[in-house]
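Open the structure in your viewer and switch to a cartoon view. The tour goes one selection at a time.

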Amino acid sequence: MKQAKVRLYLEQALGEGQTIPLERDQAHYLFGVMRMAVGDPVLLFNGRDGEWRCEVSVANKRNGELVCVGMTKPLQLPPDLWLLFAPIKKARTDFIVEKAAEMGAARIVPVNTEYTNSDRIRQDRLQAHAVEAAEQCGGTYVPEVSDLQRLDKLLADWPDRRQLMFCDESEVGKPSIFDAAHGADEGGWAILIGPEGGFSDAERARLKALPFAHVVSLGPRILRADTAAVAAMTLWQKNLGDWG
Ligand code: SAM
């Protein structure tokens, strides 16, 4: 059987015998760029129905059609982990979203803190990065990237039972997640990473007083926010997540 060279996310439902009409840009990519022809395989997923092997049934310059042949992977949901981070420079923010999607975040939430340096994000662009990361890493799920939210408001409306891993640069060298996290809770978890300027004293005091917050050090050095996001997700996934 021919190996699929292309793996794509799309919104349409996937199932045995399902046909998928292609839009102009999808047809251009598959037939113009990737030079695929009728009968060629492609892997599709939509974040709900698992991954499917499909074959090209119609190939034109401006449109085309795929047909689903069989499921190649069931839907695999990530653990209930949110990554909250304060947006930094564009390329580093893109990096955080891409890595969070690859590493198994269920939701990505950019947050506005007192020292956040950008008060605007392009949610659609960040969501597209999460889709590309899922396409590349073989995931069958795409985390939702939220619009920018104010941290104080988010904390005020915090969901019952969700735990918060508060990565605090002022705790350098103090307890790590291994001491702070007492097992996965059914309400899920969130990781919080601050901006380049760190957290204000008022934010830190408020966060530390929250009953659901676990203050965590990420070692003896102060990490850049993008490094801290990857380090925190690694620790969480290894100890409480699906890395075994
Ligand atoms: N400007 C701050 C300072 O000099 O203290 C550093 C902020 S750091 C670049 C960005 C974020 O990464 C922090 O707010 C924190 O969430 C996280 N972080 C970095 N290093 C950390 C560490 N060693 N322990 C816990 N969190 C850390």
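This is a predicted model. Start with the open sheet of five strands, whose order is E1-E3-E4-E5-E2 with mixed pairing. Its edge strands are E1 (7–9) and E2 (19–22), each of which pairs on one side only. On average, neighbouring strands here are turned by 40 degrees against each other, direction ignored.

Next, select residues 51–59 and 64–73. These are strands E4 and E5, which pair in the antiparallel sense over eight bridges. Look for Ala59: its bridge partner in E5 is Gly64.

Helix H1 lies across E1, E2, E4 and E5, and runs at about 95 degrees to E2. Helix H3 packs on the sheet too, touching E1 and strand E3 (41–45). The direction of H3 makes about 145 degrees with that of E1.

Move on to residues 90–103 (H2) and 225–240 (H7). At what angle do H2 and H7 pack? The angle is about 10 degrees, with the axes 9 Å apart. Angles under 35 degrees count as roughly parallel, so H2 is roughly parallel to H7. Show side chains: the residues that meet include Phe95 and Ile96 in H2, and Val230 and Met233 in H7. By class, this contact has eight nonpolar, two polar and three charged residues.

Finish with the largest nonpolar core, which has 33 residues. Leu83, Met165, Ile191, Ile193 and Met233 touch the most other members. H7 gives the largest share, seven residues.

How values were computed: Residues numbered from 1 in each chain as written. Predicted model: local features only at pLDDT ≥ 70, side-chain atom pairs only at ≥ 80, totals over all residues. Heavy atoms only, no water. Axes fitted to C-alpha atoms, helices over the stretch in contact; angles between N-to-C directions. Helix = DSSP H or I, 4+ residues; strand = E, 2+ residues; numbered from the N terminus. Parallel < 35°, antiparallel > 145°, perpendicular 65-115°, else oblique. Contact = heavy atoms within 4.5 Å. Nonpolar A, V, L, I, M, F, W, Y, C, P; charged D, E, K, R; others polar. Core = buried A, V, L, I, M, F, W, Y, C linked by side-chain atoms within 4.5 Å. Buried < 20%, exposed > 50% of the residue type's maximum accessible area, 1.4 Å probe, protein only. Pairing = 2+ DSSP bridges.
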